[in-house]
Amino acid sequence: MAFDYLLPGKKVNKIRSMKLGIVKRFIFVLSLLTFQLHGFAQDSVQVRKNQIGDRTASHSSLSRRSNVDSTRVGNDSLRNELRNDLRKVNLNFLSNIRTASMAELIAQLNEKSNGYLTTNAGSAKDSIALIKNSIHEEISQLKSIKGSISNYSNSLNVTADQIKTLINRYDISANNHSRAYQYLDNAQLKLAAKQDSLEAINRTIDELIAKNQRHLIRIETVHEMKSGNKKADSVTAKSSIWKANTAVISKDVILNNIRSNYSNNKSIDKYVNRTDWASRILLIVLGLGYCYWIVRVSYILRQNDPEHKLAIDAIVGKTIIFLLTLLPFVNFFTPSFILQASQLVIMLIFMFLLRHRMSGLQRKIAIILVVFYILDVFVNMIVSDDLFLRIVCIAFNLIALGLVSYTKRRIKNADSPGYISNFIYVIFAILNVTAITLNIIGHVEHSRSFSIACAVGLVQSFTLQYFSDMIKADVRNQFKKDRLTSGFWMRFNEQRTLAIITEILRIVCVLLAIIVLANNLQFIESLLALSETFFGKVRSIGSISFTLGNLGVAVLLLLVANWFQKNISLIVLGGEDGQLSQVYNQKMTLFPLFRLAIILIGFFMAISALGMSLDKLTVVIGALSVGIGLGMQNIINNFVSGIILVFDKPFRVGDQIELADKKGRVKEIGIRASVLKTGDGADVIIPNGDLLSGRVVNWTLSQEYSKTSFVLHIDRKADLDQAKQWIKDAMESSDHFIKDRDSGISIQDISAEMIYLSVSGWVNFAANASAFKNDVLLVLYKKFEAEGLKFYSVIPPKI
């Protein structure tokens, strides 16, 4: 300050003002720091008081517990050590983990995220920018909460490990140190409850972050579409056809129209850059797997059937059709140009592969359809507000209606290539009429979308039909190959398998048609947003919350588990045409338990997919137990009896048993009932309770073979020794007779005209007793008839 006089006046004032500003800032920072320290001190005092109070209470409680347990510790040093270790178990921090508040905050953020679905191409540009910033902030907030949850989880794990160490160190149990055991057990329950809540909140946060990231991608797409279409929207005017521009159409005009129609939003660039590589690789792997499958089947069929052709062009063409047909599943936002090109390629390959099956009329219609498709796409590519081009588009729409009507009248066989069903014809007519109407009233761009949707949809109806027929033909070839080589597919019934595959293909084709139509009409974004809202909205029934998407997944899991438990024996043991093979073993008796395990696994997976917690499941099971006790006694009885039958093994699958008036072979031992195959081919379903409590005769419990006997009546004029030899030879001629076991022929009775002989012998299987008797009687009948002697197997009627 002493040198101020040496400086000019303006500089002195400037330096003074700078010093004054520095002093003011220093005073402001000092006061702010003092205020913060004061607040921190108050908080610290308050927290210290709370901690002292909590520790005092906990220490007094622990002291009481330790005093009671001191009689069981045995000595003062161990008692003091246990008391000190129990004091270290501090659960006061659990009150700071406010899971309910976090769950409420996450629910609010989720509702806020659902509100982003309303953002579309009609939203203002400024609103889109604000929403993008809001989503970024929400994602940052969610990640911060995840960090806090991670810290909380680490603290909980440390405390849980500390409690386990105490229990193991002092051998604390309900009988030893009961007060300490009660305290630590209660602490473990609290820790587990907090940990479960944090894990559930963490999973919800991960789902919410993924949803917000999808919102960002979608909103970015909307933003680019608005930016790209802004110029086109400002140039294109909605004028009716009678007010359309009548300028001369030149080459430059056509080229400009093509650029404006296909380069506004750069959709192909976005499709190439934003499509997930995992989806592309999956589609390629599926295509290679399909190619390998049809090549292997065709090669084996070629070896066994020289007439079967192994055509390389057919294999390559079918693989390309497979890849291009499933292409929309790779990315739902597929550009219209790619869809148009892929359908054209599929149609051309389809015509090439069916060139020998198509009649002259079908071939002519197919060629006309392809040429018209190319021209229609080209016309809609160059369409603009010009009168002449709009009239040309309307003409093409009318020609398309006439062509489809003509094809429908000429091709009436549903199995023929080119057949058009009534549903497709109505949809095609509606789209064409809508395109013409929009063209007339001035919405040229929308009219162009509807016209392209008509052309692509018509061609896709043919290609999807051929795709379904192609897959079903390959499945038939697989069955044919497995019948020749006794392969895996031979175990299943071909017709039932084809029916299931047909339903799956129908669902796939419907989804593909919807995706392609939505892309051509440019509402795929709204459709996906609506689907996400419909299937992702949380719904509640009482205290149970679920979404329709999770419900669908749960139903699908139950259906798959049900099919698998029904066919597990067929898959593992083998069979033919949906029937189990005749070779059975003792392992088959464990299959009811496997089926039960599959049902339980499918059930718990479905419950997990629904997001239902185990405590709510316990309530449901408790409610069901009341019904089980009152009205399901027989079902539980049969179920428990089935388990006892599996372990006790009074009979096995394949045994010949007899129960009351039913006799036959055990075909299946189920969870609730078992199936008995009788001699006349009937399947008798018997509850397991009846099998366990009833009197069951097992003819093959200890061995497969069985003894059978019957009575023969022969003429008294016959030589008895010679007759016995004939009977013995007849028995040995049967394939079912066991020669190395004892057999007997004895006289049972003698009448005035007949001798009654009792014949007994061993057969290789109890079910073959009737076949053995048939063989013996047939041989003896011919022998006695040739000798002119009387022979009966029943008592002859008295004359």
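**Close-up views of a predicted model**

**View 1. Lys-677 and its salt-bridge partners in the predicted model.** At 25% relative accessibility, Lys-677 counts as partly exposed. Asp-683 is partly exposed too, at 40%. The two residues form a salt bridge, with the closest N and O atoms 3.3 Å apart. Lys-667 joins Lys-677 and Asp-683 in one network, built from salt bridges that share partners.

**View 2. An open sheet of five strands.** The strand order is β8-β7-β6-β5-β9, and the pairing is antiparallel. β8 (683-687) and β9 (696-698) stand at the edges. Each has a single partner strand, so one side of each lacks a neighbour in the sheet. From one strand to the next, the twist averages 40°. Strands of a sheet pair through backbone hydrogen bonds.

**View 3. Strands β6 and β7 side by side.** Five bridges join β6 (residues 662-669) to β7 (residues 673-678). The two strands run antiparallel. Val-666 stands opposite Leu-676 in β7.

View 4. Lys-146 is partly exposed, at 23% relative accessible area. Asp-206 is also partly exposed, at 38%.

**View 5. A salt bridge between Asp-482 and Lys-481.** Their side chains meet at 2.9 Å, N to O. Both residues are buried.

**View 6. Thr-334 in a loop.** Thr-334 sits between α9 (312-325) and α10 (336-353). Its relative accessible area is 2%, so Thr-334 is buried. The side chain of Thr-334 reaches the backbone oxygen of Asn-331 at 2.6 Å.

Definitions and conventions:
Residues numbered from 1 in each chain as written. Predicted model: local features only at pLDDT ≥ 70, side-chain atom pairs only at ≥ 80, totals over all residues. Heavy atoms only, no water. Helix = DSSP H or I, 4+ residues; strand = E, 2+ residues; numbered from the N terminus. Buried < 20%, exposed > 50% of the residue type's maximum accessible area, 1.4 Å probe, protein only. Polar contact = N/O pair within 3.5 Å; in protein donor to acceptor, adjacent residues only side chain to side chain. Pairing = 2+ DSSP bridges. Axes fitted to C-alpha atoms, helices over the stretch in contact; angles between N-to-C directions. Salt bridge = Lys/Arg side-chain N within 4 Å of Asp/Glu carboxyl O.
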